[in-house]
Amino acid sequence: MARKISTDDGRTALAAVTAAREAGAVPARADEATASRYLLQLLAEKAPGRTVEVRVPPHGAAQIIEGPRHTRGTPPNVVEMDPATWIALATGSEKWADAAAQGRINASGVRADLSPVLPVRP
């Protein structure tokens, strides 16, 4: 089981990522990884279950939303996006529909729309 990211560590990493992006810089990989994992952790707490797998490569993944669960192979509902998109969606600085319309979200399955559970508001 993965180590739980503390609220302080998660918020610190998220603040560092936000500051870097606002300055037009690339965030430090460690900050981006911690922020991504922290927000996935919050999402899993907000919408527990194993029906949808949310992937933010290369930093992490979470299974969320109650309902039929898979036991082998690729889940029937998969959502994948880059860390910048994930952080923007999870914090509410971008809307699901906008990111999806721009092709920045790869989602498959009938339960793959995460807009009802976003943002997670750290």
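Is I5 buried or exposed, and what is its relative accessible area?

Modeller: I5 is buried, with a relative accessible area of 9%; buried means under 20%, exposed over 50% and partly exposed in between, using a 1.4 Å probe and protein chains only. Before we go on, this is a predicted model, so local features need pLDDT of at least 70 and side-chain atom pairs count only at 80 or more, while totals for chains, interfaces and linings use all residues. Residues are numbered from 1 along each chain as its sequence is written, and side-chain values use heavy atoms, with hydrogens and water left out.

I5 is found in the segment before α1. Skipping neighbours within four places in sequence, its contacts (heavy atoms within 4.5 Å) are G10, T34, R37, Y38 and Q41. G10 belongs to the buried set of α1. By contrast, A101 is 96 residues along the chain from I5, with 32 Å between their C-alpha atoms.

Now for the helix itself. Helices here are DSSP runs of H or I with at least four residues, strands are runs of E with at least two, and both are numbered from the N terminus.

The buried residues of α1 are G10, A13, L14, V17 and A20. Looking down the axis, they fall within an arc of 125 degrees, so they line one face of the helix; the arc is taken from the directions running from the axis to the C-beta atoms. On the face turned away from that buried side you'll find the exposed residues D8, T12 and E22.

What do the buried residues pack against? They go against α2 (29–46) and α3 (83–91). For the α3 partner, the two axes come within 12 Å and cross at roughly 110 degrees. Those axes are lines fitted to C-alpha atoms over the stretch in contact, with angles from 0 to 180 degrees between N-to-C directions. α1 and α3 are therefore roughly perpendicular to each other, since 65 to 115 degrees counts as roughly perpendicular, under 35 as roughly parallel, over 145 as roughly antiparallel and the rest as oblique. The crossing is left-handed, meaning the near helix is turned anticlockwise from the far one by less than a right angle, with clockwise being right-handed. L14, V17 and R21 make the contact from α1, and A84, I87 and T91 from α3. L14 and V17 are among the buried residues of α1.

After α1 comes G24, whose phi is positive, near 80 degrees. Most residues other than glycine have a negative phi. I65 has a positive phi without being a glycine, near 65 degrees; I65 sits in the loop between β2 and β3.

V79 lies in strand β3 (residues 77–81) and is buried, with a relative accessible area of 0%. Beyond its neighbours within four places, V79's contacts include V52, V54, W96, I105 and L114.
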